[in-house]
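Subject: Structure handover and findings

Hello,

Here is the structure we talked about handing over. Please open it alongside this email.

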Number of protein chains: 2
Amino acid sequence: MTETRTLSLAEIEELSFKALVAAGTSAGNARPLAIATAATEADGVASHGLAYIPIYAEHVQCGKVDGQAVPKLEVPRPGVITVDAATGFAHSAIDKGFDQLIPLARQQGVAALSIRNSYNCGVLGYHTNRLAESGLVGIGFTNAPASIAPSGGYKPVVGTNPFSIAAPGIDGKPTILIDQSASTIAKSEVMKHAREGKPIPVGWALDGEGNPTTDPNVGLKGSMAPSGGYKGVGVALLVEMMAAALTGATLGINASPFSGTAGGPPKTGQFFLAIDPAATAGDAFAGRITELAQAVHAQDGAHLPGDGRTKKRALAQTQGVAVNTATLARIEALLG
Amino acid sequence: MTETRTLSLAEIEELSFKALVAAGTSAGNARPLAIATAATEADGVASHGLAYIPIYAEHVQCGKVDGQAVPKLEVPRPGVITVDAATGFAHSAIDKGFDQLIPLARQQGVAALSIRNSYNCGVLGYHTNRLAESGLVGIGFTNAPASIAPSGGYKPVVGTNPFSIAAPGIDGKPTILIDQSASTIAKSEVMKHAREGKPIPVGWALDGEGNPTTDPNVGLKGSMAPSGGYKGVGVALLVEMMAAALTGATLGINASPFSGTAGGPPKTGQFFLAIDPAATAGDAFAGRITELAQAVHAQDGAHLPGDGRTKKRALAQTQGVAVNTATLARIEALLG
């Protein structure tokens, strides 16, 4: 059994903040990342929560991300905001962008935020959820080093990173949140099996010639299997077109890895759209989102994407989160 | 073997136009639909080409679509155009919207077109492709009567209708075009098997309790299998949120069927986003799209979605299209 210690969300945020600053991150860049880390732990997505803090710290120290970066914002057209993340953390670039994106979307009806020279943005749905909390429909895309091959091919050309959409219902709260990658399974799961020396099920990954494999190491050198075959490739292409091409960020085929210390900054991108449903649907929107959600929940055993996270989040607010003590020890060591 | 007759694209357009007008469609509504029908035949998507003309004619006559409708356009915010299709054909509503959407996207950087009280829009990629031909990134969503059940559930809540994205490359022509539904297979394929009394493969459709079935009639009363399981449901929810909720159109759970003559107008919706890549990526966009396409085509046997349609289209311009004579006879009968 894994040993755990229960921390409040405030404690998780503070611990993350201190560790990031100790590693050489500015307070302004550390804060949004620390807040997102606490929210991610609250949602039960432990793989992208505190476990990432030692990786972030290492990446600041090796220069894969610039902890002192100052994101640069421009408004080239009435409906578009661009942010050059300057090889810093995605979170502060997104924060800076959202401060203007939210009022702009209300004014214009639709507005876009295009971020380049960026880094892994953690859980994408965390960011789109913030737009839904502001009464907007939030759509997001984030790209990643290539790990999915095209249909009929064998060499990776697109990443497994997700798209996300979040929308508020009649209570004004985020009611439907989708945040899904284009691969059958997260690459981190294949990496975990490799570390543990366990075989992977057929259908998770392919070898260098595009054939199924049960060897996680062979799969990691080959490609990740797209969910649903060519339709998964289509979703991955959508994400790459939006998050890399449309931002002027680095394509997945040219990006340095997110893991490890080699290769310098990945300079990947994020793209967000914020739409004011009052502009596009009058007062009809929230009722339809709630009716759609209710049609799902009215069926025994049926659920919406995001339902699990919502329940865990509510619990974490009052009860805190049980965190792996080995993860905590690694983070506390960073504080010196 | 199926008997065919070869028609030029101009002949296909003219035949479609005359048949639609003979059925009671105004010239203004018939023309965009006739142009789209010819383009769809050129792309080799025969299921949505001339074969649909007798269905359109029947739907005008029974009132499922108003052939004389005049779409009503408004601009409620600087970046948003709404069109009430007035239960008419989607194509003329989209045409009217695109006339303003294209210049608006260039000016604003991003603009949205929200269409409600609409009808089946045919091949969605036909419309996004038009945005790409104008140098924009075109994204589209169209909703449909519910036929996919939620994860863990058994009753349909979302449709199989697609999302689409189209983008130009360095030659200024549409270079990547994705147009895919959320189901493993098109519902029309299951209907075809039912008509022909053939069993369907496991994985195409589910019975009323959510179990796999090989009986197409059982599947049509149950639900369509989502591509890649819960991730297919996620894509279907994305489409429903965009095309129904965000337009104020009828949710798939409440929409009358697209097929048959019962139930009156479906009043479904379409939502389009047009983004000017020069605003979001400076001059970096087209090069990245072309580089991504080349990374796919450089691999033996690999292909992009839309490659097949592009090749057929080029051929059809000079050689015309071989059309099923039985389909032609049905259309010619409409001309009286």
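Below is what was found, topic by topic.

**Ground rules**

This is a predicted model, so to speak of local features a pLDDT of at least 70 is needed, and side-chain atom pairs count only at pLDDT 80 or more, while totals for chains, interfaces and linings use all residues. Residues are numbered from 1 along each chain as its sequence is written, chains are lettered from A and ligands numbered from 1 in the order in which they are written, and side-chain values use heavy atoms, with hydrogens and water left out.

Helices (H or I, at least four residues) and strands (E, at least two) are DSSP runs, numbered from the N terminus.

**The sheet of chain A**

In chain A, 7 strands make an open sheet. Their order is E2-E3-E4-E11-E5-E6-E7, with mixed pairing. Two strands pair if DSSP finds at least two bridges between them. Strand E2 (72-77) and strand E7 (174-180) are at the edges. Each has a single partner strand, so one side of each lacks a neighbour in the sheet. From one strand to the next, the twist averages 15°. Axes here are lines fitted to C-alpha atoms, for helices over the stretch in contact, and angles run from 0 to 180 degrees between N-to-C directions.

Look next at strand E11 (residues 268-275) of chain A. It is joined to E5(A) by 6 bridges, and the two run antiparallel. Phe141(A) has Phe271(A) in E11(A) as its bridge partner. Strand E4 (residues 110-118) of chain A is also antiparallel to E11(A), with 7 bridges between them. There, Ala112(A) stands opposite Leu273(A).

How many of the 8 residues of E11(A) are buried? The count is 8 of the 8, so E11(A) is largely enclosed by the rest of the structure. Buried means under 20% relative accessible area, exposed over 50%, and partly exposed in between (1.4 Å probe, protein chains only). In a regular strand the side chains alternate between the two faces of the sheet. On one side of E11(A) are Thr268(A), Gln270(A), Phe272(A) and Ala274(A). On the other are Gly269(A), Phe271(A), Leu273(A) and Ile275(A).

Helix H5 (residues 124-133) of chain A packs on this sheet. It touches E5, strand E6 (163-168), E7 and E11 of chain A, and its direction makes about 25° with that of E6(A). Contact means heavy atoms within 4.5 Å.

**Helices H3 and H12**

Two packed helices are described by the angle between their axes and the distance between the axes. For helix H3 (residues 53-62) and helix H12 (residues 325-334) of chain A, the angle is about 30° and the axes are 9 Å apart. Ile53(A), Pro54(A) and Ala57(A) in H3(A) meet Arg330(A), Ile331(A) and Leu334(A) in H12(A). These contact residues divide into 5 nonpolar, no polar and 1 charged. Ala, Val, Leu, Ile, Met, Phe, Trp, Tyr, Cys and Pro count as nonpolar, Asp, Glu, Lys and Arg as charged, and the others, Gly among them, as polar.

Glu332(A) also sits in helix H12 of chain A. It counts as partly exposed, at 31% relative accessibility. Leaving aside neighbours within four places in sequence, Glu332(A) is in contact with Arg5(A) and Leu15(A).

In chain B, the buried residues of helix H3 (residues 53-62) include Ile53(B), Pro54(B) and Tyr56(B). Among the elements covering the buried residues of H3(B) are helix H1 (9-22) and helix H12 (325-334) of chain B. Just after H3(B), Gly63(B) takes a positive phi of about 90°.

**Cavities**

The whole structure holds 5 cavities of 30 Å³ or more. On a 1 Å grid over the protein atoms alone, a cavity is a set of points where a 1.4 Å probe fits but cannot get out; lining residues have an atom within 4 Å of a point. Grid points are joined across faces, edges and corners, and a volume is the space filled by probe spheres set on the points.

The largest cavity has a volume of about 110 Å³. Its lining has 14 residues, divided into 4 nonpolar, 8 polar and 2 charged.

The second largest cavity holds about 80 Å³. Its lining residues include Phe141(A), Leu273(A), Phe141(B) and Leu273(B). They divide into 9 nonpolar, no polar and no charged.

Best wishes

Methods. 1 Å grid on protein atoms, 1.4 Å probe; cavity = no way out; pocket = protein on both sides within 12 Å on 5 of 7 lines; lining within 4 Å.
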